[in-house]
Amino acid sequence: MSADPGIPAGGPSLPQRRNLVTEIPGPRSRELFERRQRSVARGLSHTLPVFITAAGGGVAVDVDGNSLIDFGSGIAVTSVGNSADLVVSRVAEQVAQFTHTCFMVAPYEGYVAVCEQLNRLTPGDHDKRSALFNSGAEAVENAVKIARHATGRDAIVVFDHAYHGRTNLTMAMTAKNMPYKEGFGPFAGEVYRVPMAYPYRWPGGPARCAAEALGVVTSLIHAQVGEENVAAVVIEPIQGEGGFVVPPDGFLPGLAEYCRTHGIVFVADEIQSGFCRTGNWFACEHENVVPDLITTAKGIAGGLPLAGVTGRAELMDAVHPGGLGGTYGGNPVACAAALGAIETMEKEDLAGAARAIEIVMLPRLRAIAAATPVVGDVRGRGAMCAVELVQPGSLEPDPAAAARVASHCHRNGMIVLTCGTYGNVLRLLPPLVIGQPLLTEGLDILADAFTRL
Ligand code: PLZ
């Protein structure tokens, strides 16, 4: 419950409608923004500077009383909604019980239960182990630590357009300079970048992308790194920040097979694509790819900070006792939230909900593309879909057009995010519980934004 009687409580009971009572951002948000400017570092930016007081289902309510449709889910986090019933009750029970012991000091059941769920839900029926951390970047760092320790090798192979985080190692693994890396070097070594199978931009065309990209990637590794030196290949099965790039069929299975042949650990970074987002528990499953290690975060815990590394028992257990850890990793409150979120996903079949969202969303996006030459490509899976904006008739990215579309949506009460190496991709990440009316209304606003371009 909200303490201020004028502000609605969050949760799924929040009225599921868009309602604008001031301009966006409104006067109270602008006032808070002034305070923010005087107190918070400039390095943190905002997609939409409205200050939120309540959120649930598919809406977020701001301090001015505006109710916005959420097509961002806090960057693919609140898949079960913002303050889902089971997340709220489990968190409340856990906070009242105890907030922290540090799993490395004295363990508790919630941590073990989350690891059991991760081992059960991730692809493959081999023997698995998991370890929990605080953020996606920390999970990726630990996957690399484990792969290096288990193989005794140093090199890590990553892809063009990749995003893996903002820590020193994960900045090195992330492709895009501005804003993530500019001025923050020197970066960690032994990270090698290879081309991504990006069908829309593949020089030989989408039909040849999978085979040609595999050829380029494997020959680059051979010539420039040496297979025997590679500890891990790390890839997002659908790239997130880099532009919602969906590799063509055959690329991921081919890459996994190549890794197997050369004793390279195949790491799927499912931090953005995991936990029902793409219509399966994990995006790898669309092509029956079984990664050796998988990193998860975001959608796992309904908004609380939690991340995991899950993988083959023999790899995970290669690390000596005490070699992995951290003060807060697998915090009991975050674990309780994860157990509530996972139960919600299963009970409400949110993978099915993501597929239902795709069935509505992709045809609408294709209709927009057919009517608007600035849309060069429509792609995505489940509730992870995007349009890429270009100068009509070319592949020249048009980030300004993407910014104008996003800004129109924002002013009209819809939270929507952009992404992409060139900043020209508009991505749609609604909560999986958004419901048809808000989904349709959001897509109407988007279509209107394109008409006005
Ligand atoms: N791997 C695939 O998508 C986080 C970052 C937003 P953290 N993506 C959103 C920003 O600008 O910081 C992400 C991801 C993939 C790793 C990460 C990193 O996860 O929880 O943000 O550390």
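P291 is buried in the structure, having a relative accessible area of 5%, where buried denotes under 20% relative accessible area, exposed over 50% and partly exposed the range in between (1.4 Å probe, protein chains only). The model is a predicted one, in which local features need pLDDT of at least 70 and side-chain atom pairs count only at pLDDT 80 or more, while totals for chains, interfaces and linings use all residues. Residues are numbered from 1 along each chain as its sequence is written, and side-chain values use heavy atoms, with hydrogens and water left out.

P291 belongs to the loop that links strand 8 (265-269) to strand 9 (293-296); helices (H or I, at least four residues) and strands (E, at least two) are DSSP runs numbered from the N terminus. Not counting residues up to four places away in sequence, P291 touches P123, H126, F266, A268 and C284, contact being defined as heavy atoms within 4.5 Å.

Beyond four places in sequence, the contacts of H161 include M196, Y198, E236 and Y422.

The ligand is surrounded by 15 residues, the closest being G136, A137, R166, D269 and Q272; a residue is included if one of its heavy atoms lies within 4 Å of the ligand. A polar side-chain atom of R166 is placed 2.7 Å from a ligand oxygen atom. On the nitrogen side, a polar side-chain atom of D269 lies 2.7 Å from a nitrogen atom of the ligand.

Helix 11 (residues 350-371) comprises 22 residues and reaches 31 Å from its first C-alpha to its last, close to the 32 Å expected at 1.5 Å a residue, the expected span being 1.5 Å times one less than the number of residues. Its buried residues, among them I357, M361, L365 and I368, pack against helix 10 (332-347), strand 11 (375-381), strand 12 (384-389), strand 15 (425-428) and helix 13 (436-451).

Terms used. Polar contact = N/O pair within 3.5 Å; in protein donor to acceptor, adjacent residues only side chain to side chain.
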